[in-house]
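Subject: Structure for you, with notes

Hello,

Here is the structure I said I would pass on. My notes follow it.

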Amino acid sequence: MADNVLKISGLKVAYGGIKAVKGIDLEVNRGELVTLIGANGAGKTTTLKAITGTLPPCKVEGTITYLGQALNANKSFKLVEQKLAMVPEGRGVFTRMTIHENLLMGAYTRNDKAGIEADVEKWYTVFPRLKERSGQLAGTLSGGEQQMLAMARALMCHPTLLLLDEPSMGLAPIMVEKIFEVIRDVSKQGITVLLVEQNAKLALQAAHRAYVMESGAITMTGNAQDMLNDPRVQAAYLGE
Ligand code: ATP
């Protein structure tokens, strides 16, 4: 039996007259790394925002369940308590707090002080640059460093489901490599991941399953490895 962590059914989102998402179905099972790929403006970010209840006022239809429970719109502050963490496009770090404070904020639902300190040290080991700059304000970090911090902060709550929006965007290749290494590791540790990415090749190489989104609709879905080898995907998204 498939063990759904996330299930989206018939999701439609319209911003005024713009139909950004046109009735999509998508599910992510426990332990899976699922990627949602597609061109600019396909509706990927809108889909993630519908999950987290962070859409601007607009018309939303359909259902989204997380661990079998309907997610209520506009309850984003409760998500971390439910172990659903999101790293938004543009990272969303607390720019006027230090790196160390950002990491501690990620653990605000926990009260195991020793465990929190151990996790902070773990992330400093994974991302030594964050350790070197632990007292520095997050707003002064480079884009790649902010991405590292945003991911580490999201993981401080020990999420069941991690949502990532375009983690590679605007990063130097070496940073992208590091971020994807961490995404794979996180997945291997059993955290369920939904990854929105424009870099289809990297995303398909890392993922178990994939969905392709075009103009608000899911046009293809399947095993990520099969999609990497699919001529239609290669022509449209892999530049081959
Ligand atoms: P990108 O990779 O560029 O972020 P995306 O696949 O995530 O693209 P969305 O950001 O979800 O796409 O946008 C889907 C469509 O909805 C686009 O046509 C976009 O212009 C429109 N849209 C997004 N946000 C808003 C908004 N707040 N108001 C009006 N239209 C919006």
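The notes start at the ligand. β2 (18–29) and α1 each supply at least two residues of the shell around it. α1 gives the most, with three residues. Please keep in mind that this is a predicted model.

Ligand site

There are 15 residues around the ligand, and N40, G41, K44, T45 and T46 come nearest.

- G43: a polar backbone atom is 2.9 Å from an oxygen atom of the ligand.
- K44: an N or O atom in the side chain is 2.8 Å from a ligand oxygen.
- T46: a polar side-chain atom lies 2.5 Å from an oxygen atom of the ligand.

On its own, the ligand has 630 Å² of accessible area, and the protein covers 65% of this.

Helix α1

α1 covers residues 44–52, and seven of its nine residues are buried, so the helix is largely enclosed by the rest of the structure. The buried residues are K44, T46, T47, L48, A50, I51 and T52. After the helix comes G53, which has a positive phi, near 70 degrees. α1 lies across β1 (4–15), β2 and β4, and runs at about 115 degrees to β1.

The four-stranded sheet

The strands that α1 lies across belong to an open sheet of four strands, ordered β2-β1-β4-β5 and paired antiparallel. β2 and β5 (69–70) are at the edges with a single partner strand each, so one side of each has no neighbour in the sheet. β4 (residues 59–66) is joined to β5 by two bridges, and the two strands run antiparallel. Within this pair, Y66 stands opposite Q69 of β5.

The six-stranded sheet

The other open sheet has six strands in the order β6-β7-β8-β3-β9-β10, with mixed pairing. Its edges are β6 (84–87) and β10 (217–223); each has a single partner strand, so one side of each is left without a neighbour in the sheet. On average, neighbouring strands here are turned by 15 degrees against each other, direction ignored.

How many bridges join β7 to β8? Five bridges link β7 (residues 161–165) to β8 (residues 192–197), and the two strands run parallel. One of the pairings is L163 with L194, its bridge partner in β8.

α6 (residues 143–155) packs on it and touches β6 and β7, with its direction at about 175 degrees to that of β6. α7 (residues 173–188) lies across β3 (33–37), β7 and β8, and runs at about 150 degrees to β8.

A loop residue

T98 sits in the loop between β6 and α3 (99–106). Is T98 buried or exposed? Its relative accessible area is 15%, and the cut-off for buried is under 20%, so T98 counts as buried. Leaving aside residues up to four places away in sequence, T98 touches S134, G135, Q136, L137 and A138.

Regards

Conventions:
Residues numbered from 1 in each chain as written. Predicted model: local features only at pLDDT ≥ 70, side-chain atom pairs only at ≥ 80, totals over all residues. Heavy atoms only, no water. Buried < 20%, exposed > 50% of the residue type's maximum accessible area, 1.4 Å probe, protein only. Pairing = 2+ DSSP bridges. Axes fitted to C-alpha atoms, helices over the stretch in contact; angles between N-to-C directions. Contact = heavy atoms within 4.5 Å. Near = heavy atom within 4 Å. Polar contact = N/O pair within 3.5 Å; in protein donor to acceptor, adjacent residues only side chain to side chain. Areas by Shrake-Rupley, 256 points an atom, 1.4 Å probe, with all protein chains shown as cover.
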